[in-house]
Amino acid sequence: MNHLLRSHAPITDIAWSRLDSEGRERLVPALGARKLVDFSGPLGWGHSATNLGRASDVKAPGENLLARRRRVLPLVELRAPFVISRHELLDADRGATDLDLTELDAAARRIAVAENIAVFHGWAEAGIVGIASATTHGPITLGTVYANYPGHVAKAVETLLEAGVSGPYGLALGPQEYTGVVETTEHGGLVVLDHLRQILGGPIVWAPGVAGAVVLSLRGGDFLFESGEDLSLGYSHHDADNAYLYLEESFSFRVATPEAAVTLTG
């Protein structure tokens, strides 16, 4: 038994398999931040803090002593609860292929968006400074003419090169910006998405929760995501009609090189 308490749930292995599969299917496309930053782990639920490699002086409990306290970044636990009908779980055992898993889908969306927000825009209460808040470069204005995006992104890449930050580079786009880019062609018929890939040399990622866009280096070592427990399904309790479940993870995030990203705002 572990803290997820799955063995206590009135859910069969077949139904758990369906829930796990649905959760992965919904989470993978939406976890945009993970596609662009360094991911370490999972290190387990018992992993509680990230070593920052620094220490601060503290008063020693005696004379002629020196003392320093190690500095760490605590991991934050994030949970998205949801409810599923026990009738649907029984139908999963019967082989139904049209299960109503809208609550699970919504929970997956919520937790993925929250993770993206934490990485790109920060989460002060959890001690996380996001990429957009940490960058030392001024923002570049995007506007709403998507055909002009290659010029803006090229300027961001030039800014990084001038700062000595090598590529390849990746681009995180909010949902509205991503749709606009995908649907737009430039004069001459070149698809904007293809032009952006040529400029960046790296991926363009749909990242719900991102406001505007962020260009960042993918050389490694600049943006560090540390996973304790990776996203997992757990059991809370049940009654005669419903099972109360949740998606949960623990993680920390820190920016090691603030000059390795440029934000683009609307």
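This is a predicted model: local features need pLDDT of at least 70, side-chain atom pairs count only at pLDDT 80 or more; totals for chains, interfaces and linings use all residues.

Let's start with the helices. Helix H1 covers residues 13-30 and helix H2 covers residues 86-94. Their axes come within 8 Å and cross at roughly 105°. Angles of 65 to 115 degrees count as roughly perpendicular, so that is the label for H1 and H2. On the H1 side, the contact uses Ile14, Ala15, Arg18 and Leu19, while H2 brings in Leu89, Ala92 and Asp93. Sorted by type, the residues of this contact are 5 nonpolar and 2 charged, with no polar ones.

Next come the rings. The structure has 4 aromatic pairs. One of the pairs joins Phe39 and Phe225, which are stacked, with 5.4 Å from centre to centre and 15° between the planes. Phe39 belongs to strand E1 (residues 38-40) and Phe225 to strand E9 (residues 223-227), so this pair ties together parts that lie 186 residues apart in sequence. Phe39 counts as partly exposed at 32% relative accessibility, whereas Phe225 is buried at 1%. Ring pairs also link these two with Trp123 and Phe251 in a cluster.

| Arginine | Ring | Distance from ring centre |
|---|---|---|
| Arg6 | Trp16 | 4.0 Å |
| Arg79 | Tyr246 | 3.6 Å |

Conventions. Residues are numbered from 1 along each chain as its sequence is written. Side-chain values use heavy atoms; hydrogens and water are left out. Axes are lines fitted to C-alpha atoms, for helices over the stretch in contact, and angles run from 0 to 180 degrees between N-to-C directions. Helices (H or I, at least four residues) and strands (E, at least two) are DSSP runs, numbered from the N terminus. Angles under 35 degrees count as roughly parallel, over 145 as roughly antiparallel, 65 to 115 as roughly perpendicular and the rest as oblique. Contact means heavy atoms within 4.5 Å. Ala, Val, Leu, Ile, Met, Phe, Trp, Tyr, Cys and Pro count as nonpolar, Asp, Glu, Lys and Arg as charged, and the others, Gly among them, as polar. Rings of Phe, Tyr and Trp (its six-membered ring) pair if their centres lie within 6.5 Å; planes under 30 degrees apart count as stacked, over 60 as edge-to-face and the rest as tilted. Buried means under 20% relative accessible area, exposed over 50%, partly exposed in between (1.4 Å probe, protein chains only). A charge sits over a ring if NZ of Lys or CZ of Arg is within 6 Å of the ring centre and within 35 degrees of the ring normal.
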